[in-house]
Every structure is written in structure tokens, then in C-alpha cells.
Amino acid sequence: MIQLSCGMLKLTMSGSALEHQDLRQGMYRMRSPSEYHQRGGQNILYKWRKEAWYFGLDSHTSGVQSEKTVECPNKVEQWRFWTAKGDKETWSEFQKNVISVTCVDDTEDQDGSVLSEDRVLVDEISSTNGFLYTKSDGPNIDCSKLDQTDAGYPPQPRVVLLGQSGVGKSTLGNQLLGCYKKDKDCLSFSVGKGSRSHTNSTSWAVGNYLGKGGCITIVDTPGASDSEGRDYEHALEMAEVMKHELGTVNIFLLMFNGKVPRFLAPITKLLKLYVSIFSEDLWKHSITEISYWKWDHDSVEDRLEELDTNATVKHGEWNKKYREKLGVSRQIPTIFIDPVFPIFSTTGKNQEKVKSQPEALEKFKFHTNLFWNLASAMPPFDCKERCSAPTGYFAGTPWVTTPIVKGRLGSSQFANCQIWNGIIDTASSSNMRWVFNATTVIFHKMTDTSS
């Protein structure tokens, strides 16, 4: 473990470094041997992968980086910084004498005032409401360039977007990767137009959260009640993708259109189908997302006046529906991220729109921060035996789980098997017929003559 002699560090800059990274300047108080927190700001100084010192908003981004070192930050000579000119963002070369980190008396801040516990507490509280990455922040890793040779690929957290057609799954998927839906370079997930369902298959993409944050895998799925009625087919495809490509996921994000006040039957049916595949443990990894929930002042007032509802009421209503319709006993967290809020748009018109809605901006930061904290803390979902079921199991093929046994000719033998029959209230296992070598009937049961 690195032993640091400084309880407080001071970061100063000059020249181009100051031009691009002036908000990183200031006093940093030690919180652990490998982490310092900025006084009066949101930045931290941290040791990344035990290789170098980084100044950034979190442990996934940085604006100032040291050369590789085992030394304390105040003994590092060469630093580089993230630059942004127009649409071009990149790292500078490592330089000397433009960035300085010095050790200072840890009982004084920049103004010479004694360190106050109240001041530290305020700093900590202000940093919990979330933030947005800016042009002064650079990703520590370009997650989109990871491939199957990288350990743990695709990266966690892995988030599955579930919901009816039209709730904004593809649009939200793009936004969570820092991409505005109308941007010509926004190609992670295609967005449907017109009356036909656009997403016809399960797909996934890897990128940086909100464009520059930690690595995340977003899984986009076809919608329930799609225009061609293929809910069952799509659900089985999702199961195959989990089994053969992903293995595990962390979060099932259950998406609902915030403009629709009712908990519609098709999504209930789809959720029952997924529970039948993945078991009731699915709920331990679920989060509700209410999409198209506008956060500007007028929209908040209109919902309260016309519908007598707000985010707290909506959260309570949806958890009540989960209990009544699906038998869920636990509280499912709820987030309200508007997938069409143009926070990542590059057009002047949309940038002005964001500036004119400070309430919406703060709520976007809060809910995206909440979602990241929930998702990154969630362990992988283990669907246990059913994820190792053979191909064809979810199409009705019996899964024989008894190992090969020896016995005398003519003696009875027993085999354990499972037969998946989908949602209990839409399929029946009353009628079964087992055949050996395609000719000999060894078991026949028919109690339901209506089918």
C-alpha cells in the first residue's frame, strides 16, 4: 500500500492546461491512501489501476493524468490533460512545468480558514445529486473498442431493456451511451418510425455510460405487443441471447411510457413469460423506468393539477400493480429518465432548450446517477439451471437431467426431466406423450380433451 505523507494537496496549472482544466485546480484533502477529494468542488484525485494519478469527477473519467508512477502525486513531474477544440477532443502530450501538485498544511484551505466538519459535510452532500460529463472530461477507457479478448467481456453492468413497443427502449439505450436520437452518428441502436415495430431482434451494444463514464452493456429487446404479435418468439430469442452471448445480466429495466397512466395487460403477460423463464429471482434485479416523463416546470405542474400525480405517487402505484398482478413482495426502485431530453444534442437550438429547463437538467443528473449506482452495485443475475438448459428446451423439448445408469435388461429405469410449458395460464401440461425410438409409446397422459 502506498503511504502518503500529505493530508492536503494543492493543484495549480498554467498555459493550455489552465485553459482546458481550470475547474480541477484547488485543494484536495486525503480520504484514503489512494484518493483525495476537492474542497468546494466535485473532483477527486485517485490512483487508477495502481498505475498513475488521475484528477476527475469519478473513477471512470479524468481531465488530468500523471505519467505512470509509484510515487506520491506531489513528486510526479510529467502530467497530461484532456483538451477540447470544437468537435475534437483528445489528450495532450505529457509535459513538465504546466501542472503542479504540492503538499500543503492540511489544517488550512486556500483562504487560510481552518478546516470545518460542516464544510466537508456540505461538499459530500452536494456531490450525491449526480453530474454530467463535459468537454473537459476524458474517458479513461474507450469502452466501444473493447472486444472478446478482454476479460469480462461484455462489461458489467449489463442492462436489459424490457417494455412494449413505443416506450423508447432504443432511444433510451442510445441516450445512456451519450448519444442523441437524431444525431447522424447515433448508431448504437436504431429507432423505429411509423406504425411497424422497428426492433425485431435482441441486440446489445457496449459503450461508456453517458458517453464518457464507466463501461456498460445495453441490451435492446423487441417490444411486447409488437405489430406482428411475436411476443413469445421474441422472449425465447432473449433467453437464447442470455444463454449463448451474455451468460448473465445485472439489471432488467422494466420500461413504461410515462404518458400512459395505466399498467397495460400486454406488459403483464410479457413479464409473466420472463418470470417463467428466469424464475422469481428476476425481481431482485429489476428497476422500473418511467420514460417520457418531462421534468420541466410546466410539465410537473400539469401532472399534479390534471392527473393528481408525481414521481412519488407513480412509484407507489407501480409497486402496488407489481404486487397485485404479479405477486411481487419486494419494492422495485423507480427512475424517471426522459429518453428524448436533448442533453447530448449538438445543435444550438437543443442546447438552448436544455439551458432553459434547469429543473429538467437537475432531474436528469439525479436519475442517471441513481441508475448508475443501482446498476453498478447489482451482482450478476444467476438464472441457475434453466440458463444451462439445452437448445430447444424453451420450445418444448424435454430436458432429461438424469445421468447414464446401468441396469439389467428388462428392469425398470427412471429418468428425471423437466418440460417447460410457458406461462401457466396460457399453456397446459395435461396432455403428454413420450415415445422411444420414434415408435414405442412409453408414457401417455390425456386429461384435457379440449385441446
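Leu253 stands opposite Ile287, a residue of β17. The strand β17 covers residues 286-291. Strand β16, residues 251-257, runs parallel to β17 and is joined to it by six bridges. Strands (E, at least two residues) and helices (H or I, at least four) are DSSP runs, numbered from the N terminus. This is a predicted model, in which local features need pLDDT of at least 70 and side-chain atom pairs count only at pLDDT 80 or more, while totals for chains, interfaces and linings use all residues. Residues are numbered from 1 along each chain as its sequence is written, and side-chain values use heavy atoms, leaving out hydrogens and water.

Step back from that strand pair. β16 and β17 belong to an open sheet of six strands, ordered β14-β15-β13-β16-β17-β18, and the pairing is mixed. Two strands pair here if DSSP finds at least two bridges between them. The whole protein comes to nine helices and 22 strands.

What packs against this sheet? The buried residues of helix α3 do: they pack against β13, β14, β15, β16 and β17, as well as helix α9 (358-377). Helix α3 spans residues 169-176, and eight of its eight residues are buried, so the helix is largely enclosed by the rest of the structure. Buried means under 20% relative accessible area, exposed over 50%, and partly exposed in between (1.4 Å probe, protein chains only). The buried set of α3 includes two leucines, Leu172 and Leu176. Lys169, Ser170, Asn174 and Gln175 are also among them. After α3 comes Gly178, with a positive phi near 80°. Across the protein, buried residues make up 45% of the 451 residues.

Gly178 turns up again at the largest pocket. The volume of that pocket is about 1,000 Å³. It has 27 lining residues, and those closest to its centre are Glu89, Lys135, Gly178, Phe344 and Thr346. Helix α8 (residues 348-355) gives the most to the lining, with three residues. The search uses a 1 Å grid over the protein atoms alone; a pocket is an open set of points where a 1.4 Å probe fits, with protein on both sides within 12 Å along at least five of seven lines, and lining residues have an atom within 4 Å of a point. Grid points are joined across faces, edges and corners, and the volume is the space filled by probe spheres set on the points.

Now the cysteines. A disulfide is a covalent bond between the sulfur atoms of two cysteines. Here the test is a pair of cysteine sulfur atoms within 2.5 Å. How many disulfides does a search of the whole structure find? It finds two.

One joins Cys6 to Cys103, with the sulfur atoms 1.7 Å apart. Cys6 sits in the segment before β1 (8-13) and Cys103 in strand β11 (residues 99-104), so this pair links distant parts of the chain, 97 residues apart. The torsion about its S-S bond is about -130°, so the disulfide is left-handed. Cys6 is buried at a relative accessible area of 3%. Cys103 is partly exposed, at 39%.

The other joins Cys143 to Cys215, S to S 2.0 Å. Cys143 lies in the loop between β12 (138-139) and β13 (158-163), and Cys215 lies in strand β15 (residues 215-220), so the bond ties together parts 72 residues apart in sequence. The torsion about the S-S bond of Cys143 and Cys215 is about -85°, so this disulfide is left-handed. Both ends are buried: Cys143 at 1%, Cys215 at 17%.

Cys72 is buried, with a relative accessible area of 10%.

Ser62 is in strand β6 (residues 61-62), and its relative accessible area is 0%. The Ser62 side chain makes a polar contact with the side chain of Asn140, at 2.9 Å. A polar contact is a pair of N or O atoms within 3.5 Å; within protein, one must be able to donate a hydrogen and the other to accept it, and residues adjacent in sequence count only if both atoms are side-chain atoms. Beyond four places in sequence, Ser62 touches residues including Arg24, Tyr46, Trp82, Trp91 and Ser136. His20 lies in helix α1 (residues 15-21) and counts as buried at 14%. Neighbours within four places aside, His20 is in contact with Phe81, Trp82, Thr83, Ala84, Lys85 and Ser136. Contact means heavy atoms within 4.5 Å. Among contacts in the protein between residues at least 6 apart in sequence, 62% join residues at least 24 apart.
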